[in-house]
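Please look over the structure shown here together with its sequence. The report below goes from the whole chain to its sheets, a helix pair and a single residue.

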Amino acid sequence: MTPPPTETVRDLGERELLRRILGVFEGSSRAVVGPGDDAAVLRVDDGRVVVSTDTLVHGPDFRLAWSSGFDLGWKAAAVNLSDIAAMGARPTALFVALMLPDDTSADLVIDIARGMRAACDALAPGCAVEGGDLAASDTLSIAVTVLGVLDGAAPVRRSGARVGDVVAVAGDLGAAGRGLALLFDRFRDDRGRPIAVDAAPLTPAERADVEAQRRPRPPIALGPVAARAGATAMMDVSDGLLLDASRMADASGVSIDLDDTLDDMALRGGEDHALLACFGAGADLPDGFRRIGRVTAGDGVVTVGGALPGGRSGWDPHRDWDAGRG
């Protein structure tokens with residue numbers, strides 16, 4: 001039996017596609033005015049809003065052969081929620097712009113919306129998609145702006161690390177990098193083009209790594225926990241621990257020495273979206289955080305076991321994606 005033809009965004013048009021997308025988010029809004037109007041209206045009891053934005057582009061950031069629409073929606077939400085948590089804030093709203101080729105399957109778009117709602121429900125209950133935009137484009141892209149609130153606390157910046165602080169992390173390190181390596185090693189054809197993922201030949205550990213790459217689970221709730229526990233500095237680990245720790249060290253005017261027990265993928269892999277934080281030397285680490293190093297005197301240098309690491313430090317989209325790592 002011949003399957004029915006797949007509807008595309010061109011077939012549906014903007015109005016019908018938007019109606020279906022809004023149906024996915026029905027009942028999730030906590031805004032004064034939610035999705036469907038010219039703009040949203042949000043209530044901000046704290047008086048301060050934390051804002052971040054990120055874009056996923058087909059090619060450098062994801063491959064449709066490797067990710068379902070649900071995967072893409074989940075990841076687009078998760079990576080943005082993590083940036084808000086890294087400031088010690090609680091995510092409250094997402095605004096999503098989808099740039100879609102005309103031949104994009106409408107089912108793919110609806111699955112993206114479903115993945116976003118599922119990620120918000122699982123990782124940041126109470127946060128919802130409150131608006132956005134649809135646009136035509138030659139390249140599928142997902143741009144997300146996320147808002148959060150501090151609930152009376154001070155924002156935790158990456159620039160507050162002090163000599164003597166303990167360096168700690170919450171969340172996985174290395175799993176997403178291993179997952180990406182598996183995708184490139186096993187799921188490309190003889191011309192290097194991505195092919196569909198077949199989970200059958202993967203071990204349970206390998207499946208978990210691929211899942212960490214496609215649907216990261218950053219510890220969103222631990223961002224405000226770290227802030228309340230007195231974190232002096234914090235940031236999202238998105239581009240590899242070595243690279244992101246160097247950004248924290250540089251912003252703080254210190255150096256960081258990481259434990260030599262961390263393996264190479266934990267140091268360089270990227271896309272785990274763990275939370276890297278510093279706490280005072282005598283502070284008790286909050287549940288969920290583990291010690292991985294210490295802050296030392298210096299000027300933006302990161303060492304591992306006291307020695308300078310060689311090789312690639314992390315992910316740079318302008319340098320790396322066309323080299324087969326995107």
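This is a predicted model: local features need pLDDT of at least 70, side-chain atom pairs count only at pLDDT 80 or more; totals for chains, interfaces and linings use all residues.

## Overall dimensions and composition

The protein chain has nine helices and ten strands, and its C-alpha trace spans about 65 × 55 × 30 Å along the principal axes. A compact globule of 326 residues would have a radius of gyration near 20 Å, and the value of 20 Å for the protein chain agrees with that expectation.

Of the 326 residues, 50% count as buried, while the chain exposes about 15,100 Å², of which carbon and sulfur atoms supply 49%. Where contacts join residues at least 6 apart in sequence, 86% of them join residues at least 24 apart.

## The four-stranded sheet

Four strands form an open sheet with mixed pairing, in the order β1-β4-β2-β3. Its edge strands are β1 (50-57) and β3, each of which pairs on one side only, and the twist from one strand to the next averages 15°. Strand β1 runs antiparallel to strand β4 (residues 141-149), to which eight bridges join it; within this pairing, L56 stands opposite I142 in β4.

Two helices lie across strands of this sheet. Helix α1 (residues 9-25) lies across β2 (90-100) and β3, running at about 175° to β3, whereas helix α2 (residues 69-85) lies across β1, β2 and β4 and runs at about 145° to β1.

## The six-stranded sheet

A further open sheet consists of six strands in the order β6-β8-β5-β9-β7-β10, and the pairing is mixed here as well. Strands β6 (233-237) and β10 (302-304) are the edges, each pairing on one side only, and the twist averages 25° from one strand to the next.

Within this sheet, strand β7 (residues 255-258) pairs with strand β9 (residues 290-296) in the antiparallel sense over four bridges, and L258 stands opposite G293 in β9. Helix α7 (residues 241-252) lies across β6, β7, β8 (274-279), β9 and β10, and its direction makes an angle of about 150° with β6.

## A pair of packed helices

How are helices α4 and α5 arranged relative to each other? Helix α4 (residues 175-186) packs against helix α5 (residues 204-214) at an angle of about 105°, with their axes 7 Å apart. Angles from 65 to 115 degrees count as roughly perpendicular, and the two helices α4 and α5 are therefore roughly perpendicular to each other.

On the α4 side, the residues that meet α5 are A175, A176, R178, G179, L180, L182, L183 and R186. Their counterparts in α5 are E206, D209, V210, A212 and Q213.

Leaving aside residues up to four places away in sequence, G131 touches P35, L94, F95 and V96. Among these, L94, F95 and V96 fall within the residue range given for β2 (90-100). G131 and L42 are 89 residues apart in sequence, and their C-alpha atoms are 11 Å apart in space.

Terms used:
Residues are numbered from 1 along each chain as its sequence is written. Side-chain values use heavy atoms; hydrogens and water are left out. Two strands pair if DSSP finds at least two bridges between them. Axes are lines fitted to C-alpha atoms, for helices over the stretch in contact, and angles run from 0 to 180 degrees between N-to-C directions. Contact means heavy atoms within 4.5 Å. The radius of gyration is taken over C-alpha atoms; the globule rule is 2.2 Å times the number of residues to the power 0.38. Buried means under 20% relative accessible area, exposed over 50%, partly exposed in between (1.4 Å probe, protein chains only). Accessible areas come from the Shrake-Rupley method with a 1.4 Å probe; for residues, only the protein chains shown count as cover. Angles under 35 degrees count as roughly parallel, over 145 as roughly antiparallel, 65 to 115 as roughly perpendicular and the rest as oblique.
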